[in-house]
Amino acid sequence: MHKWKRQVAALVPVAVVFGATACGSNAEGPDVRRVTTGFFAATTAHQGTAACRALAPQAADGLASGGSTCAKEIDKLDLTGGRIRSVRVWGDRAQAVLSGDTVFLARFRHGWRITAAGCRPQGQYPYQCEVEA
Amino acid sequence: MRRFLRDNGLSLFFLLVLVLALVGQAISGLLVFNDHQLTSGGAQVSLGHYLLSSQFAVDVAENWQSEFLQFFLYIFMTVWLVQRGSPESKKPGETGEESDKEQKTGPYADEHSPRWAAEDGWRRAVFSRSLGLAMGTIFVLSWLAQSIAGLVAYNADQLADYQDPVTWAGYVTSADFWNRSLQNWQSEFLAVAAMAVLSIYLRQRGSPESKPVGTSRDATGIEG
């Protein structure tokens, strides 16, 4: 093989790696959607235990306080979500914007989990969320 | 083998310490990353996962791009600028790309000269500037890599902090990108300036980066 062709070929895996990181792993989008949809299906149906299973451990622990449980507290929040408008994945983090809510997720060994829900934009400041890790 | 080690000791040494430094950076970077993951409700990751992450990639790329920028500027500026008394500089009055005879190109190339030094046209022109071109190209590519990996790492941090992600255009005009770039550049430029000036007054016996110990301060472009 000509020398310059070998050099170009050597750049291909580099380009693939950088392309994958730049695109923010769009392959993860369906999993994020599935977890988000499942979470709001549970909250809408007042299935607190199922909803809490979709939460990151610290988010679930944050709800369970003062002798109450995560399932009881999440039912009180009346999170409905709505239609998913967009999903953005960057590294091990994701954001799903719905018609009635915004959620943030993190990837764990056993899949995506919600780290924050019931989030409202605050301009240049971080979202204010009813459920936070 | 012994001859290979002896003839290439300088590059082998620096490749070895490069690998050791990268290993150390990977381990310390993993600890910092996992600590942040704990405080932001995320999952801790393995070393293998971290090595493939954008966080590790941007931390490497931001340093590499500044090193190659340093060498690109150093190689290019020493053609045109002088530092009287420094072994890093040409003598005053000798600035510029010099004649074909001085550079042993074209008809002045001999049997030991690289082939393209004797060629006419674009081959000689490119080879004559190939060192600067290589450094400049690697700088551009590694800076681009920093921007891409940095975008992913920055947006992951944005989402961990419950903030919206940004576009690539937004990232390369952001404080994070320029802070990473400029903090590296300032140290590179300081190192070159320090070397150019300190080598006027100080010596390192036996090093080609130094003037011979007994050489005067005014002597320029002389190596030990």
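Q: How many helices and strands are there in chain A?
A: This is a predicted model, where local features need pLDDT of at least 70, side-chain atom pairs count only at pLDDT 80 or more, and totals for chains, interfaces and linings use all residues. Residues are numbered from 1 along each chain as its sequence is written, while chains are lettered from A and ligands numbered from 1 in the order in which they are written. Helices (H or I, at least four residues) and strands (E, at least two) are DSSP runs, numbered from the N terminus. Chain A has five helices and five strands. Their order from the N terminus is α-α-α-α-α-β-β-β-β-β.

Q: What share of chain A counts as buried?
A: A residue is buried if 20 or more other C-beta atoms, placed from the backbone, lie within 10 Å of its own. In chain A, 38% of the 133 residues count as buried.

Q: Which residues have the most contacts inside the largest nonpolar core?
A: A nonpolar core is a set of buried Ala, Val, Leu, Ile, Met, Phe, Trp, Tyr and Cys residues joined through C-beta atoms within 7 Å. The largest one has 49 residues, and A:Leu105, A:Ile114 and A:Ala116 have the most contacts inside it. Helix α8 (residues 130-160) of chain B gives the largest share of this core, 10 residues. A second, separate core has six residues, including B:Phe68 and B:Trp143.

Q: How many residues does each chain bring to the contact between A and B?
A: Two residues are in contact if their C-beta atoms, placed from the backbone, lie within 7 Å. Chain A brings 26 residues and chain B brings 21 residues. On the side of chain A, β3(A) gives the largest share, four residues. For classes, Ala, Val, Leu, Ile, Met, Phe, Trp, Tyr, Cys and Pro are nonpolar, Asp, Glu, Lys and Arg charged, and the others, Gly among them, polar. The side of chain A holds 15 nonpolar, six polar and five charged residues.

Q: At what angle do the axes of α4(B) and α8(B) cross?
A: Axes are lines fitted to C-alpha atoms, for helices over the stretch in contact, and angles run from 0 to 180 degrees between N-to-C directions. Helix α4 (residues 54-80) of chain B and α8(B) cross at roughly 155°, and their axes come within 7 Å. Angles over 145 degrees count as roughly antiparallel. That is why α4(B) is roughly antiparallel to α8(B). Their contact has 20 nonpolar, eight polar and one charged residues.

Conventions:
A residue is buried if 20 or more other C-beta atoms lie within 10 Å of its own, exposed if 12 or fewer, and partly exposed in between; C-beta atoms are placed from the backbone. Angles under 35 degrees count as roughly parallel, over 145 as roughly antiparallel, 65 to 115 as roughly perpendicular and the rest as oblique.
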